[in-house]
Amino acid sequence: MADETDKPPPLPPLPNYPHSSSSSSTSSTSTSTSTSVMSGIVMDDKAKEEFNKQQRKENRKNEQQKAQDKLINDTKTLFNHLANYIQNELLITNEDYKLLHQMNVITKDKYAEMTQMTQQLVVGMTELQTKYKSFQPYLDKIDEIEISVDELEKTVLMLDDYTKKLEAKFQYLQRISKNSYNKKEKLNI
């Protein structure tokens, strides 16, 4: 049976069961039923059993209702947490897309700068090629002059050698002529 703490609250009198008075208590003669006094209400075992069944049913209903309420609250909490999680994930994804957009803008600007620099380099190279082409005849003349200077240098070296040989011959002839003049003078004296 139930503990003392689980005792049900007093019920109003049931129609088929008599009230007991405090001065006299009657007992039933039947063997199947016995009576007891409970807060001023006389009940037999069947009625107690029925009452206890009713109480257990109500307790089960209350427990089921509490469990159902707890389940509903837990489910609401779960969905709130899940909604917060999804919302935060979407915020993070949104921030990632913003960052990616900023990176794309910066990259686009860098490529625009590089394109501009490349175009300036192309213009500069075109100008240099034009200047080189305009200087090409002068460069060709310089190459021709260099070849001529090389030939002239060879000629000068050959002329220098020839001059040295000629000078040596002249000095030889001069010595010979001096010697012969000196011999003639000696002979004339």
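What share of the contacts in the chain with a separation of 6 or more comes from residues 24 or more positions apart? In this predicted model, the share is 47%.

## Overall layout

Let's start with the fold. The chain holds one helix and two strands, and their order along the sequence is β-β-α. Helix α1 covers residues 45–188.

## Salt bridges along the helix

If you enjoy charge pairs, there are three salt bridges to look at. In one of them, the side chains of D74 and K70 meet with an N to O distance of 3.1 Å. These two residues are four apart in helix α1, so about one helical turn separates them. D74 is partly exposed, at a relative accessible area of 41%.

E95 pairs with K98 at 3.7 Å, N to O. Both residues lie in helix α1, three residues apart, or about one turn of the helix. E95 is partly exposed at 44% relative accessibility, and K98 is also partly exposed, at 45%.

D160 and K164 form a salt bridge too, their closest N and O atoms being 3.7 Å apart. Here the spacing in helix α1 is four residues, which means a separation of about one helical turn. D160 has a relative accessible area of 35% and is partly exposed.

## A negative patch

E151 gathers with D140, D143, E144, E146, D150 and E153 in a patch of negative charge.

Note on methods:
Residues are numbered from 1 along each chain as its sequence is written. This is a predicted model: local features need pLDDT of at least 70, side-chain atom pairs count only at pLDDT 80 or more; totals for chains, interfaces and linings use all residues. Side-chain values use heavy atoms; hydrogens and water are left out. Patches are made of residues with over 30% relative accessible area and no salt bridge: like charges are joined within 9 Å, nonpolar side chains (Val, Leu, Ile, Met, Phe, Trp, Tyr) within 5 Å. Accessible areas come from the Shrake-Rupley method with a 1.4 Å probe; for residues, only the protein chains shown count as cover. A salt bridge is a side-chain nitrogen of Lys or Arg within 4 Å of a carboxyl oxygen of Asp or Glu. Lys and Arg count as positive and Asp and Glu as negative; His and the chain ends are not counted. The place of a charge is taken as NZ of Lys, CZ of Arg, CG of Asp or CD of Glu. Contact means heavy atoms within 4.5 Å. Buried means under 20% relative accessible area, exposed over 50%, partly exposed in between (1.4 Å probe, protein chains only).
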